[in-house]
Number of protein chains: 2
Amino acid sequence: MRILAVEDDARIARDIKTTLADAGFRVETTADGEDAWFLGDTEEYDLVVLDLGLPSMDGLAVLKKWRAAGREMPVLVLTARGSWQERVEGIEAGADDYLPKPFRMEELVARARALVRRAAGRGSALQQAGPLAIDTNRMTVSVNGVPVSLTALEYRLIAYLALHGDRVVPPSELLEHLYGDDDAREANALEAVMTRLRRKLGTGVIGTRRGFGYFLEGGTA
Amino acid sequence: MRILAVEDDARIARDIKTTLADAGFRVETTADGEDAWFLGDTEEYDLVVLDLGLPSMDGLAVLKKWRAAGREMPVLVLTARGSWQERVEGIEAGADDYLPKPFRMEELVARARALVRRAAGRGSALQQAGPLAIDTNRMTVSVNGVPVSLTALEYRLIAYLALHGDRVVPPSELLEHLYGDDDAREANALEAVMTRLRRKLGTGVIGTRRGFGYFLEGGTA
DNA sequence: CGCGTTTTGTCAGCTTGCCGTCAGCTTGCC
DNA sequence: GGCAAGCTGACGGCAAGCTGACAAAACGCG
């Protein structure tokens with residue numbers, strides 16, 4: 001397992017490296033965006049850990065460039081603490097998961113393992129759960145092979161559910177994910193999106209457990 | 001599952017409460033250190049979430065006092081973001097785990113579940129007791145491998161019994177955990193839930209000791 | 001900018017099914 | 001037998017969740 005860690009803070013970079021190394025990964029690090037892009041484009045990694053606040057070339061730009069070039073390795077994005085903005089942009093640029101800083105190293109290892117495992121099971125960044133297939137690179141969703149066109153919000157919702165596919169996700173968590181923690185939203189904004197999303201996906205994809213939350217029917221197949 | 005959350009920031013306290021409540025816990029909050037100490041000393045909690053930055057009495061002092069008094073419930077400490085110092089002191093004072101602020105609510109739930117499970121002497125997300133299996137991720141229950149669909153209240157009830165499976169749990173305790181002490185329900189609300197739950201689980205799962213309370217037949221396998 | 005189009009939050013009304021209450025019954029204990 | 005603890009079926013209130021309609025943003029495009 002080979003990992004590229006892109007992080008400009010030397011101390012954090014070192015921590016990441018030793019932690020992941022202890023977890024059995026082979027880790028290379030770089031602090032520079034250009035450098036990162038070059039490495040990611042020419043070498044084969046099982047995972048890239050990418051800090052978004054980089055000098056010389058923005059992490060987001062690097063990620064987009066990789067994806068545009070057809071590179072499909074899983075990317076775990078490190079975002080600034082409260083920055084909801086960064087998370088959204090990260091996911092939309094093709095990140096597979098994000099971790100807000102500061103984080104616990106233990107948590108990083110868990111995520112890294114999960115991503116690598118997921119990628120190993122599939123050829124690309126294609127997630128499947130029952131009749132549902134999500135291509136996190138192209139940001140397209142299809143049900144039973146039929147492509148479905150979703151809005152950004154709808155996509156984020158279904159992608160989040162798919163990422164946590166094997167459990168029931170409470171509405172409060174979804175609200176936080178979709179809108180950030182300052183919930184000035186009227187409660188049933190989420191339900192409105194749900195209705196529209198379900199209409200597009202058809203029945204039997206997203207289920208409700210009253211009093212618990214939402215889940216993907218069929219789970220992770 | 002009953003949780004005490006000690007947090008002085010009202011907004012965070014509310015977030016914690018709703019999040020944990022959504023996850024199926026019964027949450028009480030207090031912002032005051034003295035108050036927290038008293039509650040933790042006199043009530044029975046399955047977990048305490050403790051912010052260290054408190055007015056009136058330091059969170060650390062509260063924790064030490066509990067431990068000195070022989071109180072052994074698991075305590076999850078919330079520390080300020082980078083404060084390494086606090087973590088060490090927290091652990092030394094008897095905390096079971098710590099979570100640096102700011103944290104993701106999702107993460108809090110995961111930790112809370114882990115601690116509660118560990119305290120019960122079990123390791124995985126799957127609890128088993130006799131013919132009963134409880135998946136705390138999916139919030140599903142199955143008997144002899146056959147999945148059973150439960151409501152939120154029924155789930156909380158059986159989960160609590162499973163956690164304290166090897167002893168007889170008095171109805172007053174169940175009432176308290178399900179509804180909180182302030183709520184004066186008609187006594188037989190619990191029995192009504194019991195009936196419905198038993199009908200779904202089948203006989204031979206939940207037993208009654210007249211005058212004492214309820215218990216899981218077969219205990220912890 | 002100005003105008004059409006799409007997306008998304010809000011509101012109101014509706015449906016669903018949870019669960020608390022009640023009334024009557026059964027069981028165990030003295 | 002008598003009493004209290006506990007069980008159960010029925011019922012209805014009510015809150016969670018769903019949906020269609022509308023309006024306000026957001027976006028795209030000249």
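Arg138(B) is partly exposed, since 17 other C-beta atoms lie within 10 Å. For this label, C-beta atoms are placed from the backbone, and a residue is buried with 20 or more others within 10 Å of its own, exposed with 12 or fewer, and partly exposed in between. The model is a predicted one, in which local features need pLDDT of at least 70 and side-chain atom pairs count only at pLDDT 80 or more, while totals for chains, interfaces and linings use all residues. Residues are numbered from 1 along each chain as its sequence is written, and chains are lettered from A and ligands numbered from 1 in the order in which they are written.

Arg138(B) sits in the loop between β7 (132-135) and β8 (140-143) of chain B. Helices (H or I, at least four residues) and strands (E, at least two) are DSSP runs, numbered from the N terminus. Leu126(B) is 12 residues away from Arg138(B) along the chain, and their C-alpha atoms are 9.8 Å apart.

Chain A has an open sheet of five strands, ordered β2-β1-β3-β4-β5, with parallel pairing. Strands count as paired if DSSP finds at least two bridges between them. At the edges stand β2 (26-30) and β5 (97-100) of chain A, each with a single partner strand, so one side of each has no neighbour in the sheet. From one strand to the next, the twist averages 20°. Strand β1 (residues 2-6) of chain A runs parallel to β2(A) and is joined to it by five bridges; Ala5(A), for instance, has Thr29(A) as its bridge partner in β2(A). Packed on the sheet is helix α1 (residues 10-22) of chain A, which touches β1, β2 and β3 (47-51) of chain A and makes about 170° with the direction of β2(A). Axes here are lines fitted to C-alpha atoms, for helices over the stretch in contact, and angles run from 0 to 180 degrees between N-to-C directions. Contact means that the C-beta atoms of two residues, placed from the backbone, lie within 7 Å.

Where the two chains meet, chain A puts in 15 residues and chain B 16. On the chain A side, the largest share, three residues, comes from helix α7 (residues 171-179) of chain A.

Then there is DNA strand D, surrounded by 20 residues, with Thr195(A), Thr208(A), Glu191(B), Thr195(B) and Thr208(B) the closest. A residue is near the strand if its C-beta atom, placed from the backbone, lies within 6 Å of it. With six residues, α8(B) gives the most to this surface.
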